[in-house]
Amino acid sequence: MAQARGLGKRYMKAFFKGFFVAVPVTVTFLDRVACVARVEGVSMQPSLNPGGRQTSDVVLLNHWSIRNYDVQRGDIVSLV
């Protein structure tokens with residue numbers, strides 16, 4: 001029983017240690033490099049959601065190229 005308690009304690013310690021490292025890294029990545037967004041509605045048809053589908057498309061928003069002003073004609077830009 002003491003071994004199980006020690007194993008559980010080590011598992012929880014490793015979990016929280018990984019959690020407190022992974023969360024800031026993930027938040028920084030999503031804020032600075034790229035994130036995933038869902039496009040719904042008819043505003044981007046026919047490029048996205050072609051044919052009037054009721055489903056939504058998923059796109060990758062590249063924050064990195066915006067920081068370097070690497071936007072070209074034909075790129076889709078998302079504003080918040």
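1. N62 sits in strand β2; strands (E, at least two residues) and helices (H or I, at least four) are DSSP runs, numbered from the N terminus. This is a predicted model, in which local features need pLDDT of at least 70, side-chain atom pairs count only at pLDDT 80 or more, and totals for chains, interfaces and linings use all residues. Residues are numbered from 1 along each chain as its sequence is written, and side-chain values use heavy atoms, with hydrogens and water left out.

2. N62 has a relative accessible area of 41% and is therefore partly exposed. Buried means under 20%, exposed over 50%, and partly exposed in between (1.4 Å probe, protein chains only). Not counting residues up to four places away in sequence, N62 touches V33 and A34; contact means heavy atoms within 4.5 Å.

3. The side chain of N62 has a polar atom 3.0 Å from the backbone nitrogen of W64. A polar atom of the N62 side chain also lies 3.4 Å from the backbone nitrogen of S65.

4. The relative accessible area of D57 is 15%, so D57 is buried. Leaving aside neighbours within four places in sequence, the contacts of D57 are A37, R38, V39, L48, N49 and P50.

5. The largest pocket has a volume of about 540 Å³. A pocket is an open set of points on a 1 Å grid over the protein atoms alone, where a 1.4 Å probe fits, with protein on both sides within 12 Å along at least five of seven lines; lining residues have an atom within 4 Å of a point. The volume is the space filled by probe spheres set on the points, which are joined across faces, edges and corners.

6. The lining of the largest pocket consists of 21 residues, and L61, N62, I76, V77 and S78 lie nearest the centre. At least two lining residues come from each of β1 (34–39), β2 and α2 (63–67). By class, 12 lining residues are nonpolar, four polar and five charged.

7. The chain has two helices and two strands, in the order α-β-β-α along the sequence. Of its 80 residues, 9% count as buried. Among contacts with a separation of 6 or more, 46% join residues 24 or more positions apart. The chain exposes about 7300 Å², 63% of it from carbon and sulfur atoms (Shrake-Rupley method, 1.4 Å probe).

Key:
Nonpolar A, V, L, I, M, F, W, Y, C, P; charged D, E, K, R; others polar. Polar contact = N/O pair within 3.5 Å; in protein donor to acceptor, adjacent residues only side chain to side chain.
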